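Work through the exercises below with the structure open. Each task is followed by a stepwise solution.

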Amino acid sequence: MKERSMTLRLAEDRLARAVGIGVISVLFSALLLIVYYVTSGALSHFSWDMLTTFGNTTSGGILNAIIGTWLLIGISTATSFPLGLVTAIYLSEYRGRLSGLIRLSIDVLASVPSMVLGLFGYLVYVIYLGMGFSLLAGGLTLSLMMVPYVARSSEIAFLNVPKELREAAYALGATKWQYVSRVLLRAAWPLVASGVVLSSSIAAGETAQLLYTAGWNTGLPSALTRSQVPYLTYVVWSGINQPSAYANGLAYVSAEVLIVTVFSLMVLSKVLERRGIAWKRS
Amino acid sequence: MKADELAISIASIVPVAFILIIFGFLVFKAYPSMVYNGIKFFTSYVWNPGDISAEPIVVRGFKVSPGASFGILLFLTGTLITSAVALLLSLPASIFASIALALYLNERIRAVVSSALGLFAGIPSVIYGLWGVVFLEPTLYSRVEPEMRALLGFIPFFSGPIYSGSGILASSLVLALMVFPISTSIIYQSAVSLRDAAVNDALALGATKWEAGKLLRSMMRKQILGGGLLSLGRALGETMAVLMTCGGAINSMPTNFYSPINTMAAALTALLDSAFIDPTGMVLSSLAELGVTLLLISVASSMIGRAVLGRVALRGELE
């Protein structure tokens, strides 16, 4: 290396430090600005009626959309959780010839763009299987996106279980299934739950997959199929482009409810993760 | 094979089956479009469902409205340009931020920044879109774009008309912000783990932190490439934020960085309801072909990124 003066090297180092901290601060302020913009917009338009009444994105409130979002989260979590969990159990305990293929398909599924899943949901669930715009069509479409997240995070949760537990279980004569159901799942559940909660937080913020599978409803869906569902992200998308200030306000308030929902789910996921790791240490 | 093993193996095949069904069904639906549009699908930028009220005509065995023509060149261009610009802006920032975090900042700030990265990665894309509409577009229109044109107008694509603020620049900036947390969390993790492995030695030998940082960067080539490709995959497929900020161009190619544009994901979303009123089904078929194209490009980018990263990606992506 070429010899350079110490002063120059130190000056360069200080400059790099300043630029580096500058880059971090600028980007984080931009990201914070987004949260700030939504929050201040929501506060300036807020009224309690917005949260407690049903509405149609230009008048009334967003209670129907809040309930609809939770119903969709419920359906998509209830369908993706067992599937993702079983896949993870296979990948970490049963490990057959199919492991490579299954892992590959989980990675591929995780990289399918959300609107392509939306198109698939529309073509297959809505039209081909005749579900119409509905809770089931929307929930199952979201579930396609959640399965890879649940499978991956559960697999990581299982990797965190000390291998002494497995050895002990098998030494006591447990079968594979006895080990999985009585030892592995019990030991890993906080981390598994943490992953499930994290993936439902992602589902809560989805829009593209729902536009052509869930539809919209000024009330609540009356059945699992053929009855449209309202949801929060739709209010944000359609309300912000409306000319009326009230519709804009509904969009801001929905966006704020979404941010609060997503962040709370993420915090819950972190709490569960801490619990899982603390268990391992003790 | 025991019963539990059989049951679990069968259930685990479901993701594999879904991939095959998604791909198979979309290709099946896209077949009429492939036959009707041929290679023009990729070389033409005109998207025209034709005269849907007229009697459909039959072309090469498929019903289609007279005058219909489906080309995705505009959408393909939009997807590639916005993603490329987004990555050009965010990846260097990611690398710089990761190295600065790993070398210059203390443990407490690092912990705050890395959990903040997780939160920002979790902000729904429609909210980035909302911010693009209410803040970014008016700012670009009234302040940034006129300045850029005055200062950089001598460079091609920086001169010419300014539109409403929505367009290539707005979409690229929103995408850059959205993918920044993804690439940063991957690169930052490897920066922290490699710091202990090698960079501490360089520091002990009297290197400045900046010099150690350059060493760190050269050691992280793989992670930078992988993190970049994964965030590219995300940017290519991003829908709502781009749909809201792209200006929804149709049948006109962009002339500069301020022009309205459309991307494959945004066009797919915006045009799907036009398929409802098309009696021939050719619009839906062409949209399915658009979907397959987008699927292949975006999955390819993400999968190459994962292959480069190896198992590192498993954790990084979830954070």
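How many salt bridges does the rule find across the interface of chain A and chain B? The rule finds two. A salt bridge here is a side-chain nitrogen of Lys or Arg within 4 Å of a carboxyl oxygen of Asp or Glu. One joins the side chains of Arg9(A) and Glu211(B), at 2.8 Å from N to O.

The model is predicted: local features need pLDDT of at least 70, side-chain atom pairs count only at pLDDT 80 or more, and totals for chains, interfaces and linings use all residues. Residues are numbered from 1 along each chain as its sequence is written, chains are lettered from A in the order in which they are written, and side-chain values use heavy atoms, with hydrogens and water left out.

**Exercise 1. Describe the interface of chain A and chain B.**

Step 1. Count the contacts. 83 residues of chain A are in contact with 79 residues of chain B; contact means heavy atoms within 4.5 Å.

Step 2. Take the area. About 7,300 Å² is buried between the chains, and carbon and sulfur atoms give 81% of that. Buried area is the accessible area (1.4 Å probe) that two parts lose on being put together, summed over both.

Step 3. Find the main contributors. Leu31(A), Ile34(A) and Tyr212(A) supply 8% of the area that chain A buries against chain B, more than any other three residues.

Step 4. The rule finds 12 residue pairs across the interface, both residues at pLDDT 80 or more. Such a contact is a pair of N or O atoms within 3.5 Å; within protein, one must be able to donate a hydrogen and the other to accept it, and residues adjacent in sequence count only if both atoms are side-chain atoms.

Step 5. Locate the surface. Helix H1 (residues 6–45) of chain A gives the largest share of the side that touches chain B, with 21 residues. Helices are DSSP runs (H or I, at least four residues), numbered from the N terminus.

**Exercise 2. Classify the ring pair of Trp216(A) and Tyr234(A).**

Step 1. Apply the geometry. Rings of Phe, Tyr and Trp (its six-membered ring) pair if their centres lie within 6.5 Å; planes under 30 degrees apart count as stacked, over 60 as edge-to-face and the rest as tilted. The centres of Trp216(A) and Tyr234(A) are 5.2 Å apart and the planes meet at 25°, so this pair is stacked.

Step 2. Trp216(A) sits in the loop between helix H9 (208–211) and helix H10 (232–240) of chain A, while Tyr234(A) is in helix H10, 18 residues apart.

Step 3. Check exposure. Buried means under 20% relative accessible area, exposed over 50%, partly exposed in between (1.4 Å probe, protein chains only). Trp216(A) has 18%, so Trp216(A) is buried. Tyr234(A) has 21%, so Tyr234(A) is partly exposed.

**Exercise 3. Is Ser172(B) buried or exposed?**

Step 1. Ser172(B) lies in helix H7 (residues 168–204) of chain B. With a relative accessible area of 1%, Ser172(B) is buried.

Step 2. The Ser172(B) side chain reaches the backbone oxygen of Ile168(B) at 2.7 Å.

Methods:
Helix = DSSP H or I, 4+ residues; strand = E, 2+ residues; numbered from the N terminus.
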